[in-house]
Each structure stands twice: as structure tokens, then as C-alpha cells.
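Let's take a close look at a single part here, then see what surrounds it.

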Amino acid sequence: MIGILYFLFLLSSTTTCGHVGRGGEASLKKVTDGGTGDECSCKAFLPSSTFNIQDLEEVEGVAVEVTHKLELELGKMESYESQITAYTVKILNLTMEIEKMEGDPEAVNDTQTESMKIQIKQAEALVVELQSLVQASAAVFESLRETVTSQMSTLTQLEEEHDKNRVLETRREYIKIQLKLEECERRHQEIFHPDIGSCAHTGVIRASQPIVSQINADLSSSYKFGAWGKDSKPLNGNESMYWYSGYYSAAIIDVKFYDNYQDLILRNHSQHHRLQSSWYGTGNNVVLRENSLYYQRSSPFSMAKLNFTSMSYEYKLISGSSTEFSYAHSPNQNLDFAADETGLWVTYASEETNGRLILAKINEHYFGIEEEWQTSVYKPAVSNAFMVCGVLYAVRTADIQTEEIFYMFDTKTQREHYISVPFERFQESYVSLDYNPTDQKLYMYNDGYYLNYHLWFNHTAKAIEDTPSILI
């Protein structure tokens, strides 16, 4: 009350006149008093209610709390997919052990049976635990969304009744929280219910921790060269099929097929195709599409296609392509094949471009180059590359444990940008890295091990528009 009286006293002064604080109205009138000079008279009309600072402080406190909870949930997202894969492998190994026991029941003693029962119960408990964690996260998202909606309503009320400028900064913080909540919900959705085939995004923004399946089907750590994955456009009935090709050098001499992930883990192949010597390939950046393998042929240097349905084979020369330019850490990777939501691709370099990467679209009907784009990326400085939704992504080594997706070229806009999306390797070196549009994952063959990564995409922000300088 004393503060208000003092404020009124200041306003009644005839020697000074100033701007009345927010929330009130003021009028200014010039008065002349018998030649004594001009005087200034102010009238102020104070608001009928005072600003409720307690409500604003409460909203600000809730914002901090919601932000903290969101950070915790974002951290959980990374572990969910790794846990799912680990539990799957554990269950498959148990399945294999049970099959062995059923095949020779007389060789199984009571101790082994009891141990197996315990392991099965542990596996069941792990699955139940993961299910509860996922459900808990979904419940947290719903609770946070209700909280944010409620607090935004409070902010709107404070703006209408009091000072908009005072509330504006807090409202901006809540808008940031809303965007982060939406991103967290999207990550949860993309892991458990991905929008397969959609290109309604502006690019890759994040990769998960490496999901390590196991060592290759040949059980050989010397088979450091190879590739694995799924068909990027599977024929009917082959949607769950996996394939693998590995060797101790950068050669393609055979391919094994597995009906599903369980058979891959159990090394139970359904088909084993040994290539004729005249069909041998070199380099490991190969893809399988509609049951056809696309790969690099060494002599003559060309791109090759082997259709496993008809067992037909053909190859085509690529004008200007050179064997002089491979990726930074692997030999003979002169042609890199890729497949995405928009079709089939191949990258290479030429002497005419001084080793800079060329991206080409392959016409799948007549097996030939349909269109080409030249980039500014120097191929020997790149570790590998892949395609997503018509956009080329180039990868380089950041340190002994980390790779970085550092460059993108959009074939629609013909613009290229620098980006930075780091992800971890399991082993030191790798020779193949490819994206598969059927599950939106990256598949890596890392020193003989099967690895894959889940990708997250930017559904909200605009793509960077700055064109990078030429890489040297």
C-alpha cells in the first residue's frame, strides 16, 4: 500500500512527467500559469488488478521440471532398440540350445534342464521389463503433453489479464519444450512404429548406438571384407529375408540367404549361391534389390547385376568411371551401389572430376545410367556413402571410434550442405555401409561383424541452405 501511495505522489508532481508503467493508461496536458512558464500535468489510471507473479514463477518452475523429464526420456530412447536386439539374440540362443536338447534328450541331465528353465524365466522377465519401460515412456509423454497444454493455457490467461511482454519469454520457453516433446514422441514412434517409405522430412539428424548382431556366418574374424543386410525392394514372400557375403579380401565370390533374422543368427542359410569365376566381383559396397545383386565387376571394370531368381547375369560399363579413386580406408571400392525410397543409385569418381564424387541414378528396367550429378566431395577423403530419399550422405572418420555423416547432396534441389551426425563403430575398420528403406536402418559390415543403426529424421526444421566450399 505504501508503494502505491508513493507512486501516486510521484505522478502528481508538476515538475516532471514520465511514461506510466505497463498495464496503466496515461494522459499528458500542457498548462500555462500566468507567465510563470509551462508546467506538465499527468493523470494515470492504474490497472484494476496486480500482476500475479506467483503464477508466472510456478509456470517457469514447471518448465524446468518438464525439460528435465524430457532429457531423461530422450536418454532412454537410445537404449530401447539395443535392448530389443540383445533380448532377441538371447532368446534365439536359448531356442538353439533347446533344439539341441530335444534332439538328444538322453544326453541332458537334470542340472542342465533346471539351468535352461532358469534362463527361460530370466528371458521372459527381461521382455516383460522392456515392455513395461516402453509403456511407461508412452505414459510419461502423455502426462508431459497434458502438463504443457495446461501451462500454455495459464500463460494465455496471464497475457490476457496482465502484461504480455512479461509472459512472452516464458511462452517462448514452452514453445521450445513443445518442440522437444514432439521430437521425443517421434523418436519413440520411429523405433516402435516407423513411418516406412515416407520422405516427409528434411534429412538425417541422428543415428543410434551400433546394434551388434554377431560375427559373420563363416565364424571367421579374418573375413574382414563383406556386406550384409536385407533386400531393399523384396519380392513377395522375401520381406523377412537377410543376405550375407564375406571373404578375406575385397572380393564377391558367394552369397548366402536366410529366411529371417533368427536363421541369420543361427547361421541356418536357406540358399548358398557360389558365383561362377567369370561373375566374380570386387569391392563390398553392394546392394540386393528385387532379388538381384548389384556389384562391381573387376574385369572389365563395370557394374554388374546378378538376378538370383532367373540366375541371369549382365554388366554395363560406366563412361568415365575410374579405378584410381577408392574410399579412404578400403581398397577397390570404386563403385558404391545404394538403394533408397526413390530407386537404385551408384557413386564413383573420374579423372575428369579430379576424384570428386559423381552420383548416378540407375534405370532398373534397362540397367543403365539414367542421370548424373557431380558433387564437390573428394572421394579418397570419404569413408563411405549412402542414399536416403534421393539425398546422398557422405561419411568420414572422426577418430578411432567415431564416424561422422558430414555432407549431403539433394538431387531434387541440386544443393549440397555440411552437416554433422556422429555415430560409433564397434571395431576399427569397415568396408560397407548401406541404408535400407524397408526398415530405415543403416547396415554396416565392421571387421567381420554385423552392425546396424537406427536413423532419426528431421520432421520440423528447414534444411540448411548454405552451400559448402569445395572439399580438398
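Q: In which sense do strand E17 and strand E18 pair, and over how many bridges?

A: A quick heads-up: this is a predicted model, where local features need pLDDT of at least 70 and side-chain atom pairs count only at pLDDT 80 or more, while totals for chains, interfaces and linings use all residues. Residues are numbered from 1 along each chain as its sequence is written, and side-chain values use heavy atoms, with hydrogens and water left out.

Now the hairpin. Strand E17 (residues 356-363) and strand E18 (residues 368-378) pair in the antiparallel sense over 7 bridges. Pairing takes at least two DSSP bridges; strands are DSSP runs (E, at least two residues) and helices are too (H or I, at least four), numbered from the N terminus. Leu-359 sits opposite Trp-373 of E18. There are 4 residues between the two strands, and Phe-367 has a positive phi near 50°.

Zooming out, the protein chain has 5 helices and 25 strands. Of its 472 residues, 46% are buried, meaning under 20% relative accessible area with a 1.4 Å probe, protein chains only.

The largest nonpolar core has 22 residues, and Phe-386, Tyr-393 and Ile-405 touch the most other members. Such a core is a set of buried Ala, Val, Leu, Ile, Met, Phe, Trp, Tyr and Cys residues joined through side-chain atoms within 4.5 Å. E25 gives this core the most, with 4 residues. Beyond its neighbours within four places in sequence, Ile-405 is in contact (heavy atoms within 4.5 Å) with residues including Val-204, Phe-386 and Phe-423.

Technical notes:
Buried < 20%, exposed > 50% of the residue type's maximum accessible area, 1.4 Å probe, protein only.
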